[in-house]
Amino acid sequence: MIRIVQLRMNYQSELMAVEEMPQFSWIFGCDAHNVIQNSYQLQLSEDPEFADIIFDSGIVKSADSANIVPYGVELKTAHRYYARVKASANVGETDFCKPISFLTGLLEKNEWQAKFISIDQDKDSSNAHYIRKGFTADKPVKQALIFASALGLYKLYINGRRAGYAELAPGWTSYKNHLLYQSYDVTDLIKQGKNAIGAIVGAGWYKGKMGFVGLRNLYGDKTALLAQLLIRYQDGTEEIIASDESWKGSDSPIVFSEIYDGESYDASLEQEGWDQTGFNDADWQSTTTVCFDYSVLTAQRASAVREMETLQVQELMTTPQGDLVLDFGQNLSGWIHFRATGKKGDRVELNCFETLDSEGNVYLDNLRGAKQTIGYIFGRDGEVEFNPSFTFMGFRYAKIAAWPGQPKPEDFEVRALYSEMEQTGNFESSHEELNRLNKNVNWSLKSNFVDVPTDCPQRNERLGWTGDAQIFARTASYLMNSYEFFAKWLVDVAADQTADGGVPHVVPDIVSGHSDDDWLLGQGSHSAAAWADVAVIMPWAMYLNYGDKEIIRKQYHSMKNWISFMENNSVDYIWNYKLQFGDWVALDAEEGSYFGATPNDLTCTAYFAYSTRLFVKMAEIIGREDDVAKYEELYKKVLDKFQRTFFNEDGSLTAQTQTAHIVSLYFGLVPEQFRQKTVEGLIRLLDAENGHLVTGFVGTPYFCHALSENGKIDEAFKLLLRDDFPSWLYQVKKGATTIWEHWDGIKPDGSMWSPDMNSFNHYAYGAVAEWIYRVIGGLEVDEKAPGFKHSIIQPHIGGNLEYAKTSYMTPYGKIETHWRQENNEIKLQIRIPHNTRATILLNSVENVIDNGGLKFKSDGDGKFSATTGSGIWTILYSMK
C-alpha cells in the first residue's frame, strides 16, 4: 500500500506566515521497491474539510513531487489556507494526505494600521520598557491573529500569557532594507469582554552596543513596538487593535540588557498584572510614534529563534582559585534558567564563559569586552525562576559570583537557543572520536545559527561573517534543514551589497561606514574573495541539496552584480581588491600574522573563476541564455589567465602552499596535463608537514576533497583521523565539544592562543563534515537532477573504520548508507527515497558476492556500478 506520509511547504512542516505562495513537496511511504510517481493532484482550500476548494491542479501527469508551486491563486491577507495532495504511482494510488495549513501575512503595506511606538528617550540606555493597551472584544471571537515587530527586540503577551514562541524577535536583519514581522494565531488567548496586550521591548542588535569597538545606535536610537491584532468575530465582522499613541509605557524590571554583556533584572521594579486587564496604568507614560519605512516589512516564514534544547549541570565545582563554577558539559549558545530562594534585596550573578585555563580556573580573556553576565535582584522574599529575555551567551561554564544560600546543581539548567531547524543529517561510525567531531560540528552550527550565521557566539563580535557562512553552507545543508535560515539571510546579503555589487565582510553590515578599526575601514570593508563569494556559492549549495530554482531566481541579480564587481575591478582578469583575508589564520602565516602564505592574487582569481563558473550553471538552469554566453566567455578568460599566471612551464604552481594546490584542484583550474603533478605536489607539501595540514579558511574545507577526488582516498582518511596537532581530532582529544577558531586554541602545553581572537565555538573548520557525508557516507547529489532526485551513492571504505552509518533527509525522504567491513568483505545497506533513482558506485572491488537483486556492471579497475530506484538494498562484496 502506498501513502503520502508527509506534505511540506518550503521544505518545512510548518510556516509562521507567507506573503507569496509556498512551494510544496511530499514524501511517500511504501514497502515496495522502485516506486515512481505517475501523477499528482494538489488542492488548496480555506476550509479544513475542503468544502470549498479554491485551487485544484487536476490530475497532473508528472514524476515531480518537490518544488511544486500552485500558480494562479490570489491569496488573501491574514487568511489560513489548507493544502492536501494525492498521487498515483507505478505501485498504486494514494488517498489525499493529511492536510497542512499556512497563514498569510499582511500582503499589502497599506494594510498596516499599526504605528511604531516608543517611550525610549535615552539613546545611551540599555534598559527595556513595558508597553500595554487594554481593549474590549464585545462579541464572540471566531479568530484572532497578531502581526508584530520591533525596532529592537520584543516579547508579546495577551492577558498575561505569552503570545508566540520566538525568542530574540524580530531577529537581526539589514533593518533599513529588511525588517521581519512575526505572525501568530492568538485565538485561544482572546476572550469576549475585556482584554489586554502587553509587550517588553529591549535594545538588541538595533540600538544596543555592537561590533568590535562597541558602537551604539547603529540603526536608530529609539526602540519601538509594532503590533496589529486582527479580531474576526463570529458574526462576520472584524476589528483591528493597532499600536498607536493611545498605548502607554513604563520602565520594566530589565534594567540592563545587551547582546554581548548580558542582562540585569531588578524584581523590585515588577508591576504585577501589567499585561492583564484591570491594571491601573494611569501613571504610565504616553507613547510617541517613531518613523520607519513600512515597505521593508516582511513576514518571517520560518526558522525563528527558540529554546530548542535543555541541558543539565554536569558538575558543580570549586576551582583552585576558590570560584564556584557550573559545568554544563557542552559549549553552546543560550541562557541559564535558574530557580532560587532568597530574601528581598538578595542577588544572583552568573558569569558565563567557554573554558577553564590550564590550572582549572575561570578563563575570561577570550571574551574580550563581552561580559556575558546574568544578574537578578530579589524583589520579595521567596522562590523565583528566571532566565534572560534579550541577550544570549556563548558558554559551557558559569561562575556563580553571587547566590543566596548554597547553590545545588538542580537549581540550574541551560536552554540552548538557535534558529528552529530540523536535523536532517546523522552520522555514526566505529571511531568514537570521529563521532565526537561530528557532534562538535553540529553544536557549532547550532551555536552560531542564532538568527544569522555568525562566526562565534561569545565575544564582542558575533557577526555574520560571509566567509564562514560560504565555506560552511553545503555542510549546513546536510546537517540541518537550513533552507529558510539561509534564504532569509541571503535577502540581507543582497540588500547590503554596494551599488556596484560589492559584498560586505559581514551581513548584516555594521562595519561599512561604522568601524573605527583602520585595518577594516581604511583598506575596505567589503569584497574579500571567499567571503563575498557567498553571494554565489550559497545559492548553489541550496540548489544542489534542495533542487530549488526559486532561490537562484531571487538571488540572481545579487550574484550577477558580484561577478560584475570582480570583473570591473580586475586587472587583465587577475582579481584582487583592497583588504583580502586570504587563507585566513593558516598555520603557514608569518609569525604574528593571521594571513596565510598563499598569495592573494591566486586565491582571489581562483574564486573569481569558480564563482563565475557556478553563475554560468545557474544562469543556464533558469534559462538566462544571454548571460550564459557572456559569462561563459568571461570564465574562459579568467581560467586561461589563472593557468598562464600561476603555473610554471614545468607544471608546478608558482605558489608552493597546500592551499594553492587545493583550490586549483577542487575548483577545476588545473590544466589536465598538469593534474597529476599538482596532486603529487600537494602530497609532497603534506608530507613536508609530516602529514599535517597548515591550511586556513580557504584551503581547509576542500583539503580532503582535493585528495579523494584525485585518487588519494587513503591520504584523505589519514588527514581526517590524525589526532595530534594540528588536526581536527586534536581538538577532540583536548576535550572540545565544539569546533575551535584556531587549530591550537589550546596549545599542546595547555597555554592559550592570543586572547584577542580565540573562539572555542567557530564552525568554519567543521566544513570537513561535508566530506564525511559526501565521501565516507557516499551521499552525493547529481547536479543534473538536484535535491537528490537522482543520487550518486559512492561510499568510500577506509581509515580502519569497521562501519559507518550516514543518513540525510532529502525533500523526497531519507537517503542512507550503512557499510560494515569484516575480513575484507563489505556489507553495504542502502536506502533510496521513493520517487527517486540512484546510481551506486563501488570502488576497489574484487568480487560482488551478493548483488542484492541489482544489476552491477564492471567499469574496470575494481569499479562496479548499478542504477536503481527506491527501497532498501543490501549488497555484499569483497575488496582488493
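**A loop and its surroundings**

Reply: Pro 508 has its place in the loop between helix 4 and helix 5. Helices here are DSSP runs of H or I with at least four residues, strands are runs of E with at least two, and both are numbered from the N terminus. Keep in mind that this is a predicted model, where local features need pLDDT of at least 70 and side-chain atom pairs count only at pLDDT 80 or more, while totals for chains, interfaces and linings use all residues. Residues are numbered from 1 along each chain as its sequence is written, and side-chain values use heavy atoms, with hydrogens and water left out.

Pro 508 is joined to Val 507 by a cis peptide bond, with omega about -5°. A cis bond also runs from Ala 169 to Pro 170, with omega near 10°. Pro 170 likewise belongs to a loop, between strand 13 (161-162) and strand 14 (179-185).

Back in our loop, Gly 502 also lies between helix 4 (483-495) and helix 5 (518-521). Is Gly 502 buried or exposed? Its relative accessibility is 0%, so Gly 502 counts as buried. The word buried stands for under 20% relative accessible area, exposed for over 50%, and partly exposed for what falls in between, using a 1.4 Å probe and protein chains only. Setting aside residues up to four places away in sequence, Gly 502 touches Gln 497, His 526, Ser 527, Trp 562 and Phe 565. Contact means heavy atoms within 4.5 Å. Between Gly 502 and Ile 739, 237 residues apart along the chain, the C-alpha atoms are separated by 30 Å.

Trp 562 leads us onward. It belongs to the largest nonpolar core, which has 240 residues, and is one of those that touch the most other members, along with Ile 336, Phe 338, Phe 412, Leu 720, Trp 728 and Ile 776. Helix 8 (residues 600-621) contributes the most to this core, with 12 residues. A nonpolar core is a set of buried Ala, Val, Leu, Ile, Met, Phe, Trp, Tyr and Cys residues joined through side-chain atoms within 4.5 Å. In soluble globular proteins, nonpolar side chains tend to be buried together.

Ile 336 is among the contacts of Cys 352, whose others, leaving aside neighbours within four places in sequence, are Leu 367, Gln 372, Met 393, Phe 395, Tyr 397 and Ala 398. Cys 352 is found in strand 27 (residues 347-353) and, at 1% relative accessibility, counts as buried.

Leu 720 is the other member. Leu 720 is one of the buried residues of helix 13 (residues 713-721), together with Ile 713, Ala 716, Phe 717, Leu 719 and Leu 721. What covers them includes helix 2 (432-448), helix 11, helix 12 (703-708), helix 14 (728-733) and helix 15 (768-776).

Helix 11 has a partner too. Helix 10 (residues 658-666) and helix 11 (residues 675-688) pack at an angle of about 145°, with axes 9 Å apart. Axes are lines fitted to C-alpha atoms over the stretch in contact, and angles run from 0 to 180 degrees between N-to-C directions. Gln 658, His 661, Ile 662 and Leu 665 of helix 10 meet residues of helix 11, including Arg 675, Thr 678 and Leu 682.

Finally, let us turn to some strands. Strand 15 (residues 193-202) has 8 of its 10 residues buried, so it is largely enclosed by the rest of the structure. Strand 10 (residues 129-137) pairs with strand 15 in the antiparallel sense over 9 bridges, and Thr 136 stands opposite Lys 194. Strand 12 (residues 153-158) also runs antiparallel to strand 15, joined by 6 bridges, with Tyr 157 opposite Gly 198. Two strands pair if DSSP finds at least two bridges between them.
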